[in-house]
Amino acid sequence: MINSITVCGNMAADPEERKGERTTFAKGRIGVSQPGKDREGNPKPTIWFDLTAWSQWQIKDLLRCSTGDRVTASGRLELQEWTDRDGAARQSLGIRLNDIERHDRSDRPGRGEEQAQAPRQPAADDMSDLPF
């Protein structure tokens with residue numbers, strides 16, 4: 001069985017580097033919006049994934065991201081289980097990163113950035129700027 005996932009979403013907060021007993025790793029969180037609306041016409045809920053980076057390159061790539069950055073994360077899907085402060089069993093979805101790519105805001109035209117416009121071509125009959 002293959003356990004692989006790729007998601008595209010926004011970083012929920014700045015990632016953090018952490019020191020374990022034997023190794024250093026980095027943690028982050030990504031929110032993935034679902035397109036469309038539910039049966040009542042409300043937006044579908046955001047799906048949240050905890051990101052964990054273990055190799056030095058993955059850690060560096062994750063730490064380059066910041067809150068609100070649009071990213072594509074790929075890796076192995078993990079179900080994380082823990083007990084909260086009240087003693088209740090909790091679960092969350094996690095991705096053990098293989099790769100994370102940050103998308104530059106300029107890659108998304110119409111989001112506050114000016115769209116690149118083609119240079120204006122002079123009309124064929126406009127000869128006013130010819131040097132002779």
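Modeller: Gladly! Let's call a residue buried under 20% relative accessible area, exposed over 50%, and partly exposed in between, using a 1.4 Å probe and protein chains only. This is a predicted model, where local features need pLDDT of at least 70 and side-chain atom pairs count only at pLDDT 80 or more, while totals for chains, interfaces and linings use all residues. Residues are numbered from 1 along each chain as its sequence is written, and side-chain values use heavy atoms, leaving out hydrogens and water.

My pick is helix α1, which spans residues 56–63 and has Q58, I59 and L62 as its buried residues. Viewed down the axis of α1, these residues fall within an arc of 100 degrees (taken from the directions from the axis to the C-beta atoms), so they line one face of the helix. Helices (H or I, at least four residues) and strands (E, at least two) are DSSP runs numbered from the N terminus.

What does that face pack against? The buried residues of α1 pack against β1 (5–11), β2 (16–19), β3 (24–32), β4 (47–53) and β6 (89–103).

L62 also takes us into the largest nonpolar core, which has 17 residues; V7, L51, L62, L97 and I100 touch the most other members. (Such a core is a set of buried Ala, Val, Leu, Ile, Met, Phe, Trp, Tyr and Cys residues joined through side-chain atoms within 4.5 Å.) Two or more of its residues come from each of β1, β3, β4, α1, β5 (70–83) and β6. Setting aside neighbours within four places in sequence, I100 is in contact (heavy atoms within 4.5 Å) with L51, D61, L62, C65, V71, T72 and A73.

D61 leads us on to charged pairs. Its side chain meets that of R64 in a salt bridge, 2.8 Å from N to O; the rule is a side-chain nitrogen of Lys or Arg within 4 Å of a carboxyl oxygen of Asp or Glu. D61 is partly exposed at 28% relative accessible area, whereas R64 is exposed at 53%.

By this rule there are five salt bridges. Another one joins D69 and R102, at 3.8 Å from N to O. D69 sits in the loop between α1 and β5 while R102 belongs to strand β6, so this pair ties together parts that are 33 residues apart in sequence. D69 is buried, with a relative accessible area of 14%, and R102 is partly exposed, at 48%.
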